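Hi,

Here's the structure I promised to pass on.

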Amino acid sequence: MVGRSLREIVWARLRRDRVALICFAILVVMYLLAIVGPYLLNALGYDPYTFDRAAISNSGGQPVLPNGGIEFPKHPLGVEWGTGRDIMAQLLSGLRISLIVSTSATILTVLIGTVVGIVAGYAGGWTDQILGRLMDLVLAFPFLLIVLALSGVMTDRLTAMGVPEGNTSRVLYLILVMSLFGWPYLARIVRGQVLSLREREFVEAAVAMGAGTPRILFGEMLPNLWAPILVYTTLTLPSYIGLEAALSFLGVGVLPPDTTFGAMLANSVSYFQVVPLYLFIPGGMLVLLVVSFNLLGDSLRDALDPKAIH
Amino acid sequence: MTDAGKEVLEVSNLRTYFPVRSRGVLPRTIGQVKAVDGVDLAVGPGETLGLVGESGSGKTTVARSVLMLVRPTSGSVKIEGQEITRLSQRDLAPVRRKAAMIFQDPYNALNPRHTVGGIISAPFKIQKIEPEGGVKRAVQTLMERVGLNPEHYNRYPNEFSGGQRQRIGIARAVALRPKLIVCDEPVSALDVSIQAQILNLLRDLQHEFGISYLFVAHDLAVVRQISHRVAVMYLGHMMETASRKVLYSQPLHPYTHSLLSAVPIPDPARQRERNRILLEGDLPSPINPPSGCVFRTRCFQAQERCAVEIPPLVEVAPGHKVACHFPIATVPKSVVTEHQAHELAPVEGVPVPPAGPDRVVPA
Ligand SMILES: Nc1ncnc2c1ncn2[C@@H]1O[C@H](COP(=O)(O)OP(=O)(O)O)[C@@H](O)[C@H]1O
Ligand SMILES: [Mg+2]
């Protein structure tokens, strides 16, 4: 018998799962691209903000060269209609914003959901009732409507609170609304788990040793909650990437000159007939990202399946 | 035995009721489960008190109440003379160094996500005690002492058998050298062969560290192996307490008689010969216990008086108390006369000597 922690068991299983490994590799590359990509491109002379008037026609603004102005090595993925900005550079800076928004929002969501879920499940009684009603309330809100309606007001409010104005405030707004509306799903899952965990004798054993509530919640319960939290995290991330794209598409996200997948997709609609690549490049990235996360999440869920572990 | 102040654990008139709530949006309390209803007991230094009774008689609730894992409704619990029922969780912390617990289910009592090392070092960490030579050294010494391989420090509970897990639980309980350990059916989830090993370990640790045990079990054979004195409980009430020898040879309470007659005797001839007193019916509900003596509904001795008058727990001989209007004084086929039996009972204030060679160890 080999001493095996949860991590070791899961790792051993994932290692045998080729799909999971490929997805994991893709995601690692994506994050690396998002982190160092823009600097790298900058060093190589690509820049998402620089207009290239030579690449577009003077009259209509359409790219001079076919397929959206693909030109090696100057514009490997073409240029933007009307400005001539480099699509590859835009794609990478969009990837960065997309991952910043979705990753931060996921972390916040998971934090809030876990803490509220643990507290509600362990405290029970009135605390549980109140938190439960709060979850119902949040889930009952017409999310999209509110996000769109409050966008301007809340972004200004954030700026007034000292957040740098412009896209920093807009990105922060996105992160906040996504987490504030997203946490109840995880909180419910965690609460249910805690309800059954607190009946286990090891919790009573901790009390009998003199453990305080923080130790019981975070020392005894939390280690038993990693599996659902991890699975939920990997499934929330792609949904937030899609949500960010959708919100950008609707105009809530970042404004030019910055861009994200959603904004690029929104732009592409006008030129799709002429340059389908405008749609397929950011769309393909988005699909690759979301599918990789989802497949990895599914594999992780299988690997963490408690029925198979015990 | 009643020499106040010398007892490690002294419980008097303990009552623990659980509210019964109606279901619905606005739950109301509609009744009470009288799980423990006026229990007295005491455990002296280095002594083991066995607490027996059918399942549902309130033994676990006594065990949990003694350590304030559930707050008693009323009554007093003293550990080394200190009244603890009204202490806050924070003020209980130092008490928890002196009194530990071993649980019934070795699969549930250990956190599956903690390593053995983490589990056994928890008492040191929680109580912020730094043993000489460090926590890890202390834990490995403990592991060795309870019969575990100290190299398995980093393993997880699911890699161990039930008996080994119970050893982990025991190591955790003795880590801080407590004066008292409350054991709630520590061997009933284990195979008989392993039961004997665990009981021996508990007994050795008791001699080595001078621990007192409140040892809960429903199995009279197990209690007999480890206890110096035995208390019999039924539906939240104490029926009879006596030294081990007296209780098994000279029981007075009809309930004790029926419990003893349910224990199989290894010798088939004697098994056939003796009269088995079968308990009829089920345990009554502790929400609505019978009037008078709670045992009367199933008692073959019951008379009218039993329904109206609660029998007090009275000392009929030194160290032998019984709560019954019509105790059964005659014991069929006993090798020990009543007179002799009471001579064997411990004298007040003097700790009961450890059980001798007459101890029953299952084959
Ligand atoms: N937390 C609780 N809430 C309500 N009723 C309880 C609770 N714990 C125990 N009881 C009830 O108290 C009675 C005694 O239970 P218990 O102490 O577990 O007995 P034993 O350990 O002797 O089997 C039972 O009727 C049981 O249903
Ligand atoms: Mg029990």
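How many nonpolar, polar and charged residues does the shell around ligand 1 have? Sorted by class, that shell has four nonpolar, six polar and two charged residues. One thing to keep in mind as you read on: this is a predicted model.

If you want to find the shell on your screen, look in chain B for B:F18, B:V33, B:A35, B:P286 and the run B:E54, B:S55, B:G56, B:S57, B:G58, B:K59, B:T60 and B:T61, which together surround ligand 1. Among the elements of chain B, β2 (29-43) and α1 (59-66) each give two or more residues to this shell. The biggest giver is α1(B), with three residues.

The side chain of B:T61 has an N or O atom 2.5 Å from an oxygen atom of ligand 1. As for cover, ligand 1 on its own has 560 Å² of accessible area, and the protein covers 64% of that.

How far can you trust the picture? Chain B has an average pLDDT of 86, with 85% of its residues scoring at least 70. For the complex, the predictor gives an ipTM of 0.84 and a pTM of 0.82. Watch out for residues 332-363 of chain B, though, where pLDDT stays under 50. The model has 48 contacts beyond four places in sequence for that stretch.

Cheers

Terms used:
Residues are numbered from 1 along each chain as its sequence is written. Chains are lettered from A and ligands numbered from 1 in the order in which they are written. This is a predicted model: local features need pLDDT of at least 70, side-chain atom pairs count only at pLDDT 80 or more; totals for chains, interfaces and linings use all residues. Side-chain values use heavy atoms; hydrogens and water are left out. A residue is near a molecule or strand if one of its heavy atoms lies within 4 Å of it. A polar contact is a pair of N or O atoms within 3.5 Å; within protein, one must be able to donate a hydrogen and the other to accept it, and residues adjacent in sequence count only if both atoms are side-chain atoms. Accessible areas come from the Shrake-Rupley method with a 1.4 Å probe; for residues, only the protein chains shown count as cover. Helices (H or I, at least four residues) and strands (E, at least two) are DSSP runs, numbered from the N terminus. Ala, Val, Leu, Ile, Met, Phe, Trp, Tyr, Cys and Pro count as nonpolar, Asp, Glu, Lys and Arg as charged, and the others, Gly among them, as polar. pLDDT is the predictor's confidence in each residue, from 0 to 100. Contact means heavy atoms within 4.5 Å.
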